[in-house]
Amino acid sequence: MKVLVTGTAGFIGSHLAERLLAEGHDVVGVDAFTEYYDRRLKERNLEALVTHPNFQIVEGDLAVIDLAGLLDGCEIVFHLAAQPGVRASWGNDFHLYLERNLWATQRLLEAVRDRPLHKFVFASSSSVYGNAERYPTVETDVPQPISPYGVSKLAGERLCLAYASSYGVPVVALRYFTVYGPRQRPDMAFSRFIAALSEGQEIMIYGDGKQTRDFTYVSDAVAATVAAGFEDVSNDVVNVGGGSRVTVLDVLALLREITEQELSVRFVETQRGDVRDTGADIMRARDVIGYNPRVSLSEGLFRQIEFSRASNAAPALPTSVPRD
Ligand SMILES: NC(=O)c1ccc[n+]([C@@H]2O[C@H](COP(=O)([O-])OP(=O)(O)OC[C@H]3O[C@@H](n4cnc5c(N)ncnc54)[C@H](O)[C@@H]3O)[C@@H](O)[C@H]2O)c1
């Protein structure tokens, strides 16, 4: 099958594209290489993809480019492109969240609405829940986002469902819970912790470290995404969590155990928009897409540390990717 992966040069999108190619599909990737983090990291994310004969990368902004050509022959759209980050979503940059999370999504939905599409998978987020009604949180619990980012993801999700009900676009929105693993975005906690450790710097923790998170290893998130694309499910919203909930202090203890290094930790003020806890009820994912997270936190964190060590030892980052 020919599929489109938006945000292919990003953390999750690049893993997803690799998996789809390995399963024999033709993958068209699109990415704007936004400035949210270093372009060279995104180019490195594409290293294993660009030489594959069944992969094509288009550099372009979904809020601007012609989408008809991009979608030509594609039967599934995996829409992962977005402006991520809770903390950066306050203030003057909110327009980026509108353009990249809503406007780009609306353009894609308009472009697919009259096409015989097999599936439109939207990357949503646990951030839509805010400080949730209960833990583990069920998809039917009332979403109450407390950050502009969470609001933008909820709006994107609702927009997809509006096109599902009015135009029959076969939509599945996946609410990812803190995804981690090799190539994780540099602004995310594990990446920051590992970088600080390797540079002999203090690890900065927002809040008291007792906040809990449901961490999802990237290959599990990808497995759920592929299943959402191919399984017989639509007009649905599904949690994708790692299956267990731990405190940030537990993560630090694990980091100490794996690296056998002493950690120097500095606690700073909780950031606006950061929720206290997240925890996914994954029964729905088990039922509708056969989801079963396989990678434990200790194994996943070990792999991310190993990846980071290998990258630090690797030659300088490449400077360009082939363009269309
Ligand atoms: N990483 C997580 O823990 C997590 C958790 C919840 C939800 N999500 C969602 O999953 C998706 C992927 O997240 P990620 O962590 O891989 O982020 P990422 O920033 O690594 O990847 C997103 C990619 O989208 C591209 N992009 C942004 N706007 C674009 C546009 N208008 N046109 C084309 N490309 C554009 C960026 O250049 C980037 O490469 C996002 O939708 C994010 O909101 C991620």
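Predicted model: local features only at pLDDT ≥ 70, side-chain atom pairs only at ≥ 80, totals over all residues.
Helices and strands are runs assigned by DSSP, helices having at least four residues and strands at least two, and they are numbered from the N terminus.

The chain contains 10 helices and 13 strands. Its C-alpha trace spans about 55 × 50 × 40 Å along the principal axes. A compact globule of 324 residues would have a radius of gyration near 20 Å, and the chain agrees with this because its own value is 19 Å. Buried residues account for 44% of the 324 residues. Of the contacts between residues at least 6 apart in sequence, 83% join residues at least 24 apart.

Next comes the ligand. It is surrounded by 31 residues, and the closest are Gly7, Gly10, Phe11, Ala82 and Ser125. By type, the shell around the ligand holds 17 nonpolar, eight polar and six charged residues. Four elements, α1 (11-22), β2 (26-31), α4 (94-112) and β5 (119-125), each supply at least two residues of this shell. The most comes from α1, which gives three residues.

Which residues of α4 are buried? They are Tyr97, Arg100, Asn101, Ala104, Thr105, Leu108, Leu109 and Val112. The buried residues of α4 pack against α3 (67-71), β4 (76-79), β5 and α5 (148-167).

Some details of the backbone remain, and they lie in loops. In the loop between β5 and α5 is Pro136. The peptide bond joining Tyr135 and Pro136 is cis, with omega about -10 degrees.

Arg183 is in the loop between β7 (179-180) and α6 (189-198). Its phi is near 75 degrees, a positive value in a residue other than glycine. Is Arg183 buried or exposed? A residue counts as buried if 20 or more other C-beta atoms lie within 10 Å of its own. Arg183 has 21 other C-beta atoms within 10 Å, so it is buried.

Glu260 is exposed because it has 6 other C-beta atoms within 10 Å.

Note on methods:
Residues numbered from 1 in each chain as written. Near = placed C-beta within 6 Å. Nonpolar A, V, L, I, M, F, W, Y, C, P; charged D, E, K, R; others polar. Rg over C-alpha atoms; globule rule 2.2 N^0.38 Å. Buried ≥ 20, exposed ≤ 12 C-beta atoms within 10 Å, placed from the backbone. Contact = placed C-beta atoms within 7 Å.
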